[in-house]
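Colleague: I am new to this structure. Please walk me through it, piece by piece.

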Amino acid sequence: MVKRLVTIERHILEKEREYPGATGTFTGLLYDMALSAKLIHRETSRAGLLDILGAVGTVNSSGEVQQKLDVFADQMIYKMNDHTGRLCAMASEERESIIDIPPHFDTGKYVLLYDPLDGSSNIDSNVSIGTIFAIHKKVTSGVRGTMEDLLQPGNRLVAAGYVVYSVSTMMVYSTGQGVHGFTLDPSLGEFLLSHENIRIPDKPHYYSANLGNLSHWTPGVRRYAEWLGGYHGNPNPLSLRYIGSMVADFHRNLLHGGVFFYPGDLRKPDKPYGKLRLLFEAQAVAFLAEQAGGAASDGIGRILDIQPTTLHQRVPLFVGNRELVEAAEGFIREYDQAWIEAYAPYRQAVVT
Ligand code: AHM
Ligand code: MG
């Protein structure tokens, strides 16, 4: 019997039809992300051949200069979205400031924030990497988008997702109606529905963090890591898995249960907030985790309730099974008062 094949386009369309009055703009926007992902997949899967075909910076057989993959991915997503009339502004982890829509193109009612190639330190060694994206609705009244449209708390996201380039390439997204995963069939060039309505399993299996930073962590986070590993009376120790590409670590833990964390520390007293970016990394995975029945926190409260103040703002992140995220908050409350005070000025929470 022939199985019912659901392409990502069909899935997005079917979901959009559930909203009366939907215009298709959103469908187009997500489909453009899927198309960007296919093009980035094509390029990343050839990356290992660059040494043979020509290194970065050299001219390839078509006369084009080979680019770094992250620059390629950034430009691909930008080019795919600048002219569609669906967006009023964009922002990328690779670029300092707001990306305006060129004046000769129409604008639309959404903003797109993206990290074109997350985990880029893994590219050279042929290890999984990913793309992360988040979509907000425009909140200002002008034709062009402004910083205010980009600096919105995650609780106002209308969609978010990621692509993981790995054994297979997968795109996972949510528009607030559950989390759905699609696997790229390279022979068809289509993302096919493979994981419908993903729920993070109740029983977690993994914890993921860079334990090489242990000596810099605060006492509470150190104790939390030990607890996850079976100390301090934890009867259910977890296995450690850390890839160093957040998308891949998060994806595995979403499917198998667990927690990923990149905490703040007191290594540099004026930088207590860790490494990851609120708008390009943390908001999207927080949204997906919650949609899948999990949680995400900066160690104090919900990631999605943090009001961003700058585009490249960094934030501590604990994301995965709710009880594991809440356990982190508990350890921090109990042992990390000094860090809480140092971090407080960088944290603005909102209620809606
Ligand atoms: P990037 O956006 O520069 O690639 O940095 C983000 C990445 C995450 O994917 C990953 O979780 C983290 O950095 C790994 O950092 P570290 O090497 O410090 O463990
Ligand atoms: Mg990144």
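Modeller: Start with terms. Two strands pair if DSSP finds at least two bridges between them. Helices (H or I, at least four residues) and strands (E, at least two) are DSSP runs, numbered from the N terminus. This is a predicted model: local features need pLDDT of at least 70, side-chain atom pairs count only at pLDDT 80 or more, and totals for chains, interfaces and linings use all residues. Residues are numbered from 1 along each chain as its sequence is written, chains are lettered from A and ligands numbered from 1 in the order in which they are written, and side-chain values use heavy atoms, with hydrogens and water left out.

Colleague: In β7, which residue is the bridge partner of M170?

Modeller: β6 and β7 form a hairpin, with 5 residues between the strands. They pair in the antiparallel sense, over 4 bridges. M170 has its bridge partner in β7, and that partner is T183.

Colleague: Which residue takes a positive phi in the hairpin of β7 and β8?

Modeller: These strands run antiparallel, joined by 5 bridges. L184 stands opposite F191 in β8. The hairpin has 4 residues between its strands, and the one with a positive phi, near 70 degrees, is G189.

Colleague: How far apart are the C-alpha centres of domain 1 and domain 2?

Modeller: Domain bounds come from an automatic or database domain assignment. It gives domain 1 (8–195) and domain 2 (206–347). In contact terms (heavy atoms within 4.5 Å), 46 residues of domain 1 meet 30 residues of domain 2. The C-alpha centres of the two domains lie apart by 25 Å.

Colleague: Which residues coordinate the magnesium ion (ligand 2)?

Modeller: Donors are N, O and S atoms within 2.8 Å of the metal (3.2 Å for Na, K and Ca); water is not among the atoms, so sites may look incomplete. Along the sequence the spacing of the donor residues is E-x21-D-x2-D-x162-E. At 1.9 to 2.5 Å, the coordinating residues are E93 (OE), D115 (OD), D118 (OD) and E281 (OE).

Colleague: How many residues apart in sequence are the parts tied together by D115 and E281?

Modeller: D115 lies in strand β3 (residues 110–118), and E281 in helix α8 (residues 278–291). Both are buried (under 20% relative accessible area; exposed is over 50%, partly exposed in between; 1.4 Å probe, protein chains only): D115 has 0%, and E281 has 5%. Since both coordinate the magnesium ion (ligand 2), the pair ties together parts whose separation in sequence is 166 residues.

Colleague: Within what arc do the buried residues of α1 fall?

Modeller: In helix α1 (residues 8–17), the buried residues are I8, H11, I12, K15 and E16. They line one face of the helix, because, seen down its axis, they fall within an arc (of the directions from the helix axis to the C-beta atoms) of 130 degrees.

Colleague: Which are the edge strands of the open sheet of 5 strands?

Modeller: The pairing is mixed, and the order is β10-β9-β11-β13-β12. Each edge strand pairs on one side only; they are β10 (239–240) and β12 (295–297).

Colleague: Is N213 buried or exposed?

Modeller: N213 sits in the loop between β9 (206–208) and α6 (219–228). Not counting residues up to four places away in sequence, N213 touches Y262 and R267. With a relative accessibility of 11%, N213 counts as buried.
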